[in-house]
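Subject: Structure handover and findings

Dear colleague,

I am handing over the structure below, together with what I found when going through it. Please have it open beside this message as you read.

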Amino acid sequence: MLTLLRVGRIFAPDPLEATDILIADGRIAALGRDIEVPAGWPIRVVEARDLTAVPAFIDQHVHVTGGGGEGGGGTRCPEITAREIASMGIGTVVGVLGTDGISRSPADLLAKVRGLRAEGIAAYMYTGSYRVPPPTLTGDVQRDLAWIPEVIGLGEIAISDHRSSQPRQDEIARLVSEVRVGAMLAGKRGICHFHVGDGKRGLEPLRRLLSETEIPAEQVIPTHVNRHRDLLEEAADYALTFGASVDVTAFDDADEDDLRGFGAVSRLLRRGVPVERITMSSDCNGSLPEFDAQGNYIGMRVAGNTTLIADWQRLVREEVLPLDQALGLISGHVARVLGLHELKGRLAVGFDADVTLLDGDLQPRQTFVAGKRLYARDGSPT
């Protein structure tokens with residue numbers, strides 16, 4: 001069955017003159033105007049002339065099995081569903097473990113990732129968790145990268161955080177080098193996704209890694225860089241010094257506007273960080289724990305993914321970035337960072353047919369992944 005999307009506009013992310021997207025076997029087969037299909041060919045036509053087609057969003061940091069646990073078993077966060085993902089226009093997620101690598105394991109994460117794939121979401125995962133040495137599927141980081149297709153990197157390794165295992169500098173360098181070789185053997189990018197806490201060391205472990213070793217900056221991605229102003233300033237300097245990418249978290253609980261996803265991206269841009277070096281993620285279904293001055297747990301909320309889309313929309317509405325550039329923050333730049341840029345992050349012939357249809361308020365109305373409609377706001381059948 002072919003699918004033909006007839007839309008009002010296409011941002012691929014650059015604006016195109018085409019208004020039709022022909023999908024065959026999960027890929028984009030053609031882009032054009034008034035595309036005609038020979039009579040008798042099986043085809044489904046989706047009329048959406050009032051909507052704008054963009055590459056489906058990519059969220060590189062999702063606790064798909066649920067995060068949390070910092071306050072005991074009763075504080076484990078719930079799993080996310082495929083519908084929750086697709087309803088935000090997101091077609092691709094990367095699953096991650098967090099603080100709890102004990103009651104939740106890479107095997108649990110892999111099972112959930114495969115379940116999401118069965119439901120149509122393009123799902124991947126990082127092996128490991130906060131701690132060093134990291135828990136793995138095969139007993140070895142390199143083997144996980146080499147033999148498990150869904151594994152595209154290691155993460156989220158915690159640094160500068162009282163919940164981390166306080167890894168030594170040589171341990172960090174050894175882990176990242178192992179990921180690099182394992183990824184090379186598998187033909188993957190091999191991202192090392194680092195959780196950065198609010199500790200005083202900040203990004204210093206990663207600065208030393210890139211200064212003292214031959215590891216390329218593109219392999220190392222710090223996330224949560226907008227925890228506080230000093231860390232955000234350091235992230236800007238880190239990105240400019242090393243030509244590195246940094247990931248801003250759309251925190252649900254940010255007290256100050258300039259530390260929300262919108263404010264953090266705006267600040268990085270004002271500091272001269274190229275937009276191509278900035279990505280945004282949700283930390284969805286992870287915990288938002290509160291600790292007192294002594295590090296004791298005092299409460300928790302569960303992160304959602306609505307803030308990610310809201311902060312991204314605000315960047316466009318308040319004209320911080322035009323739509324075509326803003327799309328990279330949650331699609332094209334993310335695809336490049338993850339090594340998925342030959343299939344995802346663009347609307348182009350031969351690419352995966354991952355398409356989000358937006359209304360005039362930039363709200364996701366329909367989400368297609370590999371040509372299959374996974375979400376329709378108006379209740380249209382999938």
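A residue is called buried here when its relative accessible area is under 20%. His63, in this predicted model, has a relative accessible area of 4%, and is therefore buried. It sits in the loop that runs between strand E6 (57-62) and helix H1 (82-86), and a polar atom of the His63 side chain lies 3.3 Å from the backbone oxygen of Val96.

His63 is one of three residues, with His61 and Asp283, that an unreviewed UniProt entry lists under "binding site". The three span 223 residues in sequence, yet no two of their C-alpha atoms are more than 6.8 Å apart, so they gather at one spot. Asp283 is placed in the loop between strand E13 (278-281) and strand E14 (287-291), and because its relative accessibility is 8%, Asp283 also counts as buried. Its side chain makes a polar contact, at 3.0 Å, with the side chain of His61.

If the neighbours within four places in sequence are left aside, Phe194 is in contact with Ile157, Ile159, Ile172, Val176, Leu206, Val220, Ile221, Pro222 and Thr223.

As for strand pairing, strand E5 (residues 43-55) runs parallel to E1, to which it is joined by eight bridges, and Ile10 has Ala53 of E5 as its bridge partner. E5 is also joined by four bridges to strand E16 (residues 355-358), and these two strands run antiparallel; here Val54 stands opposite Thr356 in E16.

Two cis peptide bonds come first: one joins Ala12 and Pro13, with omega about 15°, and Pro13 lies in the loop between strand E1 (2-11) and strand E2 (15-16). The other joins Gly155 and Glu156, with omega about -20°, and Glu156 is placed within strand E9 (residues 151-159).

Positive phi values in residues other than glycine are the next item. Gln166 has a phi near 50° and is placed in the loop between E9 and helix H4 (169-186), while Glu319 has a phi near 60° and is found in the loop between helix H8 (306-317) and helix H9 (323-327). Is Glu319 buried or exposed? With a relative accessible area of 71%, Glu319 is exposed, whereas Gln166, at 40% relative accessibility, counts as partly exposed.

Key. Residues are numbered from 1 along each chain as its sequence is written. This is a predicted model: local features need pLDDT of at least 70, side-chain atom pairs count only at pLDDT 80 or more; totals for chains, interfaces and linings use all residues. Side-chain values use heavy atoms; hydrogens and water are left out. Buried means under 20% relative accessible area, exposed over 50%, partly exposed in between (1.4 Å probe, protein chains only). Contact means heavy atoms within 4.5 Å. Two strands pair if DSSP finds at least two bridges between them. UniProt positions are given in the numbering used here, feature names are shortened, and annotations may be inferred rather than shown by experiment. A polar contact is a pair of N or O atoms within 3.5 Å; within protein, one must be able to donate a hydrogen and the other to accept it, and residues adjacent in sequence count only if both atoms are side-chain atoms.
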